[in-house]
Amino acid sequence: MEMGMTVMCRLVDAEGIPLGDPMYIPQQAGPSQLTELANRFLNNEEKLPYAFYVSGEELRVPVGTYIENRSVSVEEILTILYRQQAVFRTRPVSRISASIDGHKDAVLCVSFSPDGTQLASGSGDTTVRLWDLYTQTPMFTCTGHTNWVMSVAWSPDGNHLVSGDLAGNICCWIPKTGKLDGRPLRGHKKWITSISWEPVHLTYPCRRFVTSSKDEDARIWDITLKKSVTCLSGHTRGVTCVKWGGDGIIYTGSQDCTIKMWQVTPEGLPCLKAQLQAHGHWVNSLALSTDYVLRTGAFDHTGKQYSSSPEQVRKAALKRYDQAKGEYGERLVSGSDDFTMILWDQYVSDKPKKHLFGHQQLVNHVCFSPNGQWIASASFDKSVKIWDGITGDFITTLRGHVGSVYQICWSPDSRMLLSGSKDSTLKIWDIGLRKLKQDLPGHADEVYAVDWSPDGERVASGGKDKCLKLWVG
């Protein structure tokens, strides 16, 4: 092998830790040869797919071609970062498969069931609607709220759906019938801002969920007992978001600029574990690196059903959670009205791991990719930014929206990002190429809510035009 036809390179992981020593590789080696190398060095029994990056840009050509195009010096060692990819691929959505009228007011929230077979939408018309995705028709109109439905959340085992409204009431629904499961739950004095369920690997069947409210409290409810079992009070302003983490910790973000970490004793007593303080304004959004598996529990992309013992479901969910946690653990990111985000290593320290600066307006929504490798942020500055989910380093800005970006959602394979905006469009972004993959116009007004089904098959969106749209590949 001539030295001129080879290049000295070093493979490193997301934190920059090298995989073996630097080595010479042929210049014609591309992603498939590098994948073989990575699998060999990592002693993987089954071959896993990897993507490779040089100075932040995905390598899609042979190394020699890259060097030539970028006039990179071959005298220096070329550092190539490897990241594991999803074994399956999500198809990009490109067209409206159904435009469903039915709500009589703006659609404020949409959410697919964890197995991807049903869709729930909440609206300003005080109803929750359940849609059949195969026939693309409304299955049930669920009535029980007396005010705008602000948020909906499926239990990760798919057996329950809960929704919270502007009056502070919570309704529990039986998804198979669309009927109210008991009377609305009362306890909050102001509107519900977010809902999060206890993970399946901690308790199955699902029983408990936590809600946050503008009334400065978060409450844990038991769906079997039909009552609030624990009140998490301590914030001095409204609580904007809540997450129930995979290790049993509950995170609350508030307009008092703090994030609190709670643990609940087996007797149901709340215990404040830590307080994360570093934002200069309201905390608007929280995301955990394990959110995707916490939402989907034991359901994975293969569609395998566990009708067997509860223990088997719990084990399957725990295995998925442990894989998602990986070697870097469960990480937290927060987005704020102070235009910044913070990546926390909350088990190690109550000080920020990294401040993420760059947005010119408030950060409305933050979201980890399902594989935990990226963080996306949506802002009122009309842009979406992508960050490294492990180090917090800035990766790129995705520009294209001409209005505030309200909500974002990742494809299950972490290769694409969906955004919904005030400008009435949805956009799909290719993360590897860092550019717009698909522009999805179709709504007549602002898009408030978007979701990508956990099986990757479809996207749902809703907004001010009262219309729910389903998009497919």
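Predicted model: local features only at pLDDT ≥ 70, side-chain atom pairs only at ≥ 80, totals over all residues.
Most residues other than glycine have a negative phi, and most peptide bonds are trans. With a relative accessible area of 28%, Lys226 is partly exposed.

Ser414 belongs to the loop between E31 and strand E32 (416–421). Is Ser414 buried or exposed? The relative accessibility of Ser414 is 5%, so this residue counts as buried.

## A cis peptide bond

If you are setting up torsions, keep an eye on Tyr204 and Pro205. The peptide bond that joins them is cis, with omega at about -5 degrees. Pro205 is placed in the loop between strand E15 (192–197) and strand E16 (208–213).

## An aromatic cluster

Now for the rings. A pair of aromatic rings is described by the distance of the centres and the angle of the planes. The structure holds 6 aromatic pairs. One of them is formed by Phe380 and Tyr406, whose ring centres are 6.0 Å apart; their planes stand at 70 degrees, so this pair is edge-to-face. Phe380 lies in the loop between strand E28 (374–379) and strand E29 (384–388), while Tyr406 lies in strand E31 (residues 405–410), so the contact ties together parts that are 26 residues apart in sequence. The two partners also have their own accessibility values: Phe380 is partly exposed, at a relative accessible area of 29%, whereas Tyr406 counts as buried at 17%.

Tyr406 has a further ring partner, Tyr448. Here the centres are 5.8 Å apart and the planes are at 45 degrees, so the pair is tilted. This pair, too, links distant parts of the chain, with Tyr406 in strand E31 and Tyr448 in strand E35 (residues 447–452), 42 residues apart. Tyr448 has 25% relative accessibility and counts as partly exposed. Put together, the ring pairs link Phe380, Tyr406 and Tyr448 into a cluster.

## One arginine, two rings

Which rings does Arg83 lie over? One is the ring of Tyr53: Arg83 lies over its face, at 5.7 Å from the ring centre. The other is the ring of Trp374, where the charged end of Arg83 sits 4.2 Å from the centre.

Rolling a probe the size of a water molecule over the atoms shows where empty space is left. The second largest pocket holds about 1400 Å³ of space. It is lined by 39 residues, and those closest to its centre are Gln84, Gln85, Gln323, Ala324 and Asn371.

Which helices and strands each supply at least two residues of the lining? They are strand E5 (78–84), helix H3 (291–296) and helix H4 (310–325). H4 gives the most to this lining, with 6 residues. Sorted by class, the lining of the second largest pocket has 18 nonpolar, 10 polar and 11 charged residues.

Methods
Residues numbered from 1 in each chain as written. Heavy atoms only, no water. Phe/Tyr/Trp six-rings, centres within 6.5 Å; stacked < 30°, edge-to-face > 60°. Helix = DSSP H or I, 4+ residues; strand = E, 2+ residues; numbered from the N terminus. Buried < 20%, exposed > 50% of the residue type's maximum accessible area, 1.4 Å probe, protein only. Lys NZ or Arg CZ within 6 Å of the ring centre and 35° of its normal. 1 Å grid on protein atoms, 1.4 Å probe; cavity = no way out; pocket = protein on both sides within 12 Å on 5 of 7 lines; lining within 4 Å. Points joined across faces, edges and corners; volume = space filled by probe spheres on them. Nonpolar A, V, L, I, M, F, W, Y, C, P; charged D, E, K, R; others polar.
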